[in-house]
Structure formats: C-alpha cells, structure tokens
Amino acid sequence: MKCKTCAAKAVIETRRHNAAFCTGCFCTHVERQVQKTVDTEKMLSKDDRILVAVSGGKDSFTLWEALHRLGYSTTGYHIVLGIGDYSPLAREKVEAYAKGQGLPLIITDLKEEYDFGIPELALHTPRVPCSACGLSKRYVMNRTALEEGFTVLATGHNLDDAASTLLGNLLHWQTEQLGRMRPAMEATHAKLVKTVKPLIRLTERETLAYTMLRGIDYHEDECPNAVGATSLLYKDILNQLEHASPGVKQSFYLGFLKKGRTAFAAHSDGITLKECEVCGQATTTETCAFCRMMEQARRRAASRNP
Ligand code: AMP
Ligand code: FES
Ligand code: ZN
C-alpha cells in the first residue's frame, strides 16, 4: 500500500477517504482536517487566546498539538478530577507534554479548589459520577477561560463523540439539545465563553494514530466510570455501520450540520440566562446547577461527619 500523496510506504489506510498515507502525509492530512473545520465553522482566528481543555487522552493531545502546529496561540487546561489511579496519571501526562513542548498549562484540582473530587460528589449527591463530572468540567472550564481572559475554549470531541451524541439525541427526540448541537458556540452571555470542537472531522482511530505517529505519550486508559455508558453502545453501533458502509458516520453528522441543525434551531431559542446569585456564572435558574450540587455535597458531608 502506497501513500496517496507521496507514494512512500503507507502506514495507515482511511477507507472513508479511499486513501492511505505515510507518517508525514497522514499528520499533515490530520492538521488540514482541523484547519478545514476551523475555517468552515469560523471557529478561531490567529488573534484568539485559546484555552485547550486537555484530559491526557489521545483526542485532546491531538487537538493541542495540531492547533499549536497550525500557529494558534494555545494554553493547556487540565482539571484534576480525583478519580483513583486514573487522575494522577492523566495529570502527569499533561504536565510532561506541556513541559516538553514549552507550552503554558493551567491546572484546576477540584478537591483542592472546591473541596470535592468526582468520587465525593457522587457519594454526597444523587448524581452518578459521569453526571457530576460533566457538570463540574463544563463549569470550571468556562469559569477559568473567562477569569483568565481567554477568548475561546477548545475541546477534543471527535467525530465518534459527535455522531453518538447526535444518535442519542435523535433516538430520544431531544429537540432542544439538537438545536444546540453546534461545533462552534458563540458566547450568548457576558459570563459564557465561545466554545469550539475542531476535531469533529476526525475519528477516534485517526486521533489515536496521530498521537502515536507524533510520538506523544498519552493516557491509554478510559475513565473507569465510563464502563457501560450508553454513548459507548452508540459508538459501537455506528462503527458497525461504518464497517459496512465507509463514510456513513461522517455523512450522518456532517449532513446534520449542513441540512438538519437549522430545523431544530428554534427549539433552543428563547432561553433567558442570568447570573447565579452565589457565583455569578451564567444560569437559567437563581442558583446555578454547579453551586446547587456543591451546596448539597457540603450539607450531606457535614451531616455524615458532624
Ligand atoms: P469527555 O467528556 O471525557 O469525552 O471529554 C471531551 C473533551 O473534554 C476532551 O477531549 C477534553 O478536551 C475535555 N476534557 C475531558 N476531561 C478533561 C479534564 N480532566 N481536563 C481538561 N479537559 C478535559
Ligand atoms: Fe468524568 Fe469519567 S471522566 S467520570
Ligand atoms: Zn453558581
């Protein structure tokens, strides 16, 4: 098998592009896909100060590396979730990468700064770990980006993530969520930062290959709380479809962005945001969901350990 671009020996085949690439041409192909997404969706400019959310996994390292190589001004952002052996290793990988590349990195340790890590939040509130985690990550990412003066927050969601979220939202006709499914979300309130997902044209297999071919030491383990998640079932089903019909995952999601999303846009309109009476962050209720969760955790923890 020969590289489609330079005819050298290919190391990876991408069936949906009907192509194979050598190491160098594959990495260039990945970076071009990121640039194409950034341009098509008007995600970033070279003047933006970009906070890149980095978990230590293959996707967010692909994002950070590609944006940096494409000449964008990036700072990494890692949230220490306090999950068993998983979180310390994630932090180690992110710190080692930032140091090796000489790139700035900001870290928020949930337990140090907010008194509770994810396991404690799951213990002291009715939320399951992934729900407490998703809410905490969204909150601290937005808050840190604003407080530190960043203009955009970038996350490493890939095509598999986006297509499985779309499938889940369609299966349950979550019209409001479908209306909000935009890979670039402009800030609609002074306390919200613009968010972008520049990897939505890349599959998990491609971000994994890019990370390995660029020689990045990433955290191989999935979060232990993800086992059995519905999103993994949807990803599996979409991969079966992709195997039978290469390109179907991309046409499902990119087709939605092109032809479907406007149909649902009105369902997410008319949401009035105000500032949380406790922390001042944007919310639809008097007190934001994060502050309510923290208050509940504090009360339950105090009653259990008086
Ligand atoms: P997930 O929600 O775990 O699928 O992760 C989606 C994206 O959120 C990743 O690609 C990262 O950009 C970001 N992210 C997840 N976990 C963390 C973390 N602990 N610290 C910073 N960013 C994260
Ligand atoms: Fe948040 Fe797994 S990464 S619970
Ligand atoms: Zn709040």
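1. The second largest pocket of this predicted model holds about 330 Å³ of space. A pocket here is an open set of points on a 1 Å grid over the protein atoms alone, where a 1.4 Å probe fits, with protein on both sides within 12 Å along at least five of seven lines; the volume is the space filled by probe spheres set on the points, joined across faces, edges and corners.

2. Of its 14 lining residues, T203, R205, N239, E242 and K249 are the closest to the centre (lining means an atom within 4 Å of a point). Two or more residues each come from β1 (12–14), α9 (204–213) and α10 (230–244); helices (H or I, at least four residues) and strands (E, at least two) are DSSP runs numbered from the N terminus.

3. Now to strand β4 (residues 73–80): seven of its eight residues are buried, that is, under 20% relative accessible area with a 1.4 Å probe, protein chains only.

4. On one side, β4 pairs in parallel with β3 (residues 49–53) over five bridges, with G76 as the partner of V52; pairing requires at least two DSSP bridges. Helix α2 (residues 58–69) carries the chain from β3 to β4 in a right-handed crossover, clockwise from first strand over helix to second with the strands pointing away from the viewer.

5. Strand β5 (residues 105–109) also runs parallel to β4, joined by five bridges, and T108 is the partner of I79. Here the β-α-β crossover passes through α3 (residues 86–101) and is right-handed.

6. A word on conventions: residues are numbered from 1 along each chain as its sequence is written, and chains are lettered from A and ligands numbered from 1 in the order written. Local features need pLDDT of at least 70, side-chain atom pairs 80 or more, while totals for chains, interfaces and linings use all residues, and side-chain values use heavy atoms, without hydrogens and water.

Terms used
Buried < 20%, exposed > 50% of the residue type's maximum accessible area, 1.4 Å probe, protein only.
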